[in-house]
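Biologist: I am new to this structure. Please show it to me, and then I will ask about it.

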Amino acid sequence: MKPPNIVFMLTDNIGYGDLGCYGGGITRGAPTARLDALAAEGMRLTNFNVEAECTPTRSALLTGRMPIRTGCHRVIPPGIKQGLAPWEYTLPELLRDAGYRCAIFGKWHLGNVQTRMPTRFGFEEWWGVRDSTAPAIYGDLIGFDPDEMDNPMLWEGRLGEPCVPVQPYNLESRPFVDSIITEKSVAYIHEHARGDKPFFLYIPYSLVHHPAMPHPEFKGRTRGGDFADCMVECDHRSGQVLDAIEEAGIARDTLVVWASDNGPVLIPSLGPQADSGPWRGCLGTAYEGQLRTPCILRWPGRVPAGSVSDQIVSVMDFYRTLAHLADAGNLVPDDRVLDSVDQSEVFLGNTDKGPREHLLCFIKDELAAIKWRQFKMHFVEFQPEAGRRTRISLNNPQLFNVEQDPKEEWDIMEPNTWIAEPINVIMRDYHVSVAKCPHVPPRGAGPGVKGDIHAEEAKATPASATGKGRSLTG
């Protein structure tokens, strides 16, 4: 099998119920014709699970490891030096070692010092947002002092060179970010379509994260407000990438993945935002409305057209899955704990029984819940109230059957205490794995090694992959 090109579009804060093919679309005043068509041409996942915030999901995707292991288990304010540990062996590094070209256009959010930028983790070129999308508003906030914190910027970089800020990121430039991401992505596809190597193009869009500001061409398009206009723009931008793949004549040689990084944001002052569909919950909780987001795959002739899978899939699983499809399974590291499982047989329609039966759900560094088959056991509750996330201690774990009770309202723990046994086995195995390979602490250099991220920033010399993973000093 010829290794496919891989185009991975990751959107920001789009909920399970926002696309037409997931029950939203025109019913929310924002039709998503291009993405609905993509689902008809490929596979729609209905039990695709992400992490609790932007940074953890991106870490899980690129490392195949739970964010609690990588030290990237929460979003850190952009003024604090942070990032993915140089020790991690990321998906683009693995794919480059397998002969791929790799590029990223869009939001990084996994490091804001030179030693932890995208071009230090296997990407050969980058343009986009370094931190969260939210800092675009900083310059317009009362009392913001650029002498106390760097003005938000848009960045670019190339392999072997320092990443550099190229233009201010503010409310003036915010509406144009995703059009530029798309323009650069389309150009990249045409440039490398007939090259001597396959490519991995990672497109982490900024839409529809707040501030939700549509491009002027989409402003007022839906009469449903800025958020609905942004949804329609996101659908259009995704379609432009799909058109480029078709125009370049590589559709049958290209695996397309389209997903969202977390569930809806519930901040009343923002007004209506994304929707979690049939599920309860939003960003920052362990409910299904946060964990489940839309995910669509297309690979003509390989992924069955018009198919739907309800097998449990985690964003972490793309690490092993894409390594397998790229014929690079031999490069998957064995010197660390990987939580990724190979879902290729599910994605190719060869089985209706997936390899994953459970997921551990962390909120920051706390184990909040465990999913096992159709059940979910909560150990602590996180509820959003007026934009805040309230932690509620539970005297006893709560158990829900999310197939029968998608809103997770009916606690069935009392007659089903037997489920504690398989859940305890999952917890025991996790703790054993931590004892064998300790977590990377936040801003750390490797397992159990805190490191000095300020010193890294000072020396900031290019690093390269060292085969199966990085050494602590590499």
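The questions below go from the whole chain to single residues.

Modeller: This is a predicted model, where local features need pLDDT of at least 70, side-chain atom pairs count only at pLDDT 80 or more, and totals for chains, interfaces and linings use all residues. Residues are numbered from 1 along each chain as its sequence is written, and side-chain values use heavy atoms, with hydrogens and water left out.

Biologist: What is the radius of gyration of the protein chain?

Modeller: The radius is taken over C-alpha atoms, and the globule rule is 2.2 Å times the number of residues to the power 0.38. For 474 residues, a compact globule would come near 23 Å. The protein chain agrees with that, at 21 Å.

Biologist: How many helices and strands does the protein chain have?

Modeller: Both are DSSP runs, numbered from the N terminus: helices are H or I with at least four residues, strands are E with at least two. The protein chain has 11 helices and 16 strands.

Biologist: Why is helix α8 described as largely enclosed by the rest of the structure?

Modeller: Buried means under 20% relative accessible area, exposed over 50%, and partly exposed in between (1.4 Å probe, protein chains only). Helix α8 spans residues 318-325. Among its buried residues are Phe 318, Tyr 319 and Leu 322. Helix α8 is largely enclosed because the buried count is 6 of its 8 residues.

Biologist: Which residues does Phe 318 contact, leaving aside its neighbours within four places in sequence?

Modeller: Contact means heavy atoms within 4.5 Å. With those neighbours set aside, the partners of Phe 318 are Phe 8, Phe 48, Leu 61, Val 257, Cys 295, Leu 297, Ala 323, Ser 340 and Phe 347.

Biologist: Is Val 380 buried or exposed?

Modeller: Val 380 sits in strand β15, residues 375-385. Beyond its neighbours within four places in sequence, Val 380 has contacts including Leu 367, Ala 368 and Ile 392. Its relative accessible area is 3%, so Val 380 is buried.
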